[in-house]
Structures are given as C-alpha cells and as structure tokens.
Amino acid sequence: MDLGARLAINLKELRAARQLSLGDVSKLSGLSKAMLSDMENGKSNPTINTLWKLANAFNVPYTRLLEENEVTGAIVRGSEVAKQVEEHEHYRAYIYFNIKPGRDFELIKCELDAKQSHCTLGHAPHSEEFIYVLNGTLELRTQGKSFELQAGDGLEFDSSKEHTYVNVGDDTVAFICVNYYPQRS
C-alpha cells in the first residue's frame, strides 16, 4: 500500500477515535480543512513538516501516521465476554465488539428478564441503534412511540434519545444491539 493510502486510513482512524471533526483537526494542526480532506481521501502527498503538524495535533509519534494496518481476524468467545448488569440484574449486556479506531459501532448481546424493563439514556448525537430479536417478545419505547418485536424482527431507531426496552413476554428475551456512532465531519 502506498504512503498516501496508509495516511488516509490512519488519519481517519485517529480522527474517529477522538471524535474530532475536520475543523477540530484543522485548529489543532494549523492545516486547512481542504488539505486534511484531501489527505483523508488519499489525494495528497504531504510534506514531512505537514506530517509533523498532524502528529503533534494527535499527540502521536510521527510514524503512527504511516503505519501499515494489518487485516486480522478476532474471535470473541462467549465464555470470555464480561457480563454487565443493571442494578437489579434484570438486564444483562455482553459487549462483543466495542468502539475502537476505525470502528464506529459496538455490538452487544442483551438479555431482559420476563416482565421487566430497562431505560437507556440517549447516546451521542446522531447515533443510531439496530436491534435484532433472537428470542422472545421485546417492546421498544422511544419518543412517544412503541414498537413490538418478535424473534427474527429487527428495528432501527434514533438512539440519541432516551429509550426503554420492555419484555412483555413470560420468558427472557434476548436480542442483538448494534450502536452506530457516525463520524463527524
């Protein structure tokens, strides 16, 4: 991979990890938003001094901007995932994949006991949530609306607003939740 392509990937990852806009990076580095955009799109061959400005803006070693990212696989064993519970332990969350540089989503398996509910405060602005019900019946309440989902059903909604999961059934409901946090530009 050429240096411009490496820089584009690494710059996007660093910006996403710190949740910075191009304007934020411009202020930190003294480089124009247009130049930063060109670098992120692999359309630039920046000078060494430009790379130093970026490295200093992100507080990373100069070489971090030019690292080659290796594609690797990662197995997450269910037996190794830490269980997170709410106060009364009626709601359990198992985080399989969390946010990291280059990844703008998290994937969580959730369980909610029969006839219980769990309220979640709104996530970051512009975030979205995708739910897929594995078993049971789940009702999702948000913004004055209610959605009932059966096993095999999915739902997408604005998760920046408060929302409540309700198990309306007699058995534990299990569902997959993907929280997506779009990059700011």
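This is a predicted model: local features need pLDDT of at least 70, side-chain atom pairs count only at pLDDT 80 or more; totals for chains, interfaces and linings use all residues.
**Entry 1**

Tyr165 and Phe175 form a tilted aromatic pair, with 5.1 Å from centre to centre and 45 degrees between the planes. I then placed them on the chain: Tyr165 belongs to strand E9 and Phe175 to strand E10, so this pair ties together parts 10 residues apart in sequence.

**Entry 2: the other ring pair**

How many aromatic pairs does a search of the whole structure find? I got two. In the pair of Tyr91 and Tyr165, the ring centres are 5.9 Å apart and the planes stand at 10 degrees; planes under 30 degrees apart count as stacked, so I noted this pair as stacked.

This pair links distant parts of the chain, since I find Tyr91 in strand E2 (residues 91–97) and Tyr165 in strand E9 (residues 163–167), 74 residues apart. Tyr91 and Tyr165 are both buried. Putting the pairs side by side, I see that they link Tyr91, Tyr165 and Phe175 into a cluster.

**Entry 3: a look along E9**

E9 is mostly covered, and I count five of its five residues as buried. Which residues of E9 lie on each side? His163, Tyr165 and Asn167 are on one side, Thr164 and Val166 on the other, and both faces are covered.

Strand E4 (residues 117–120) is joined to E9 by four bridges, and the two run antiparallel. Within this pairing I found Cys119 opposite Thr164. Strand E6 (residues 137–142) is also antiparallel to E9, with five bridges between them. Here Glu139 stands opposite Val166.

**Entry 4: over to the sheet with E10**

Phe175 sent me to E10. I traced an open sheet of six strands in the order E1-E2-E3-E10-E5-E8, with antiparallel pairing. Its edge strands are E1 (83–85) and E8 (154–158), each pairing on one side only. On average, neighbouring strands of this sheet are turned by 25 degrees against each other, direction ignored.

Last, I zoomed in on one pairing. Strand E5 (residues 128–135) and strand E10 (residues 173–180) pair in the antiparallel sense over seven bridges. For Glu129, I noted Asn179 as the bridge partner in E10.

Terms used:
Residues are numbered from 1 along each chain as its sequence is written. Side-chain values use heavy atoms; hydrogens and water are left out. Two strands pair if DSSP finds at least two bridges between them. Axes are lines fitted to C-alpha atoms, for helices over the stretch in contact, and angles run from 0 to 180 degrees between N-to-C directions. Rings of Phe, Tyr and Trp (its six-membered ring) pair if their centres lie within 6.5 Å; planes under 30 degrees apart count as stacked, over 60 as edge-to-face and the rest as tilted. Buried means under 20% relative accessible area, exposed over 50%, partly exposed in between (1.4 Å probe, protein chains only).
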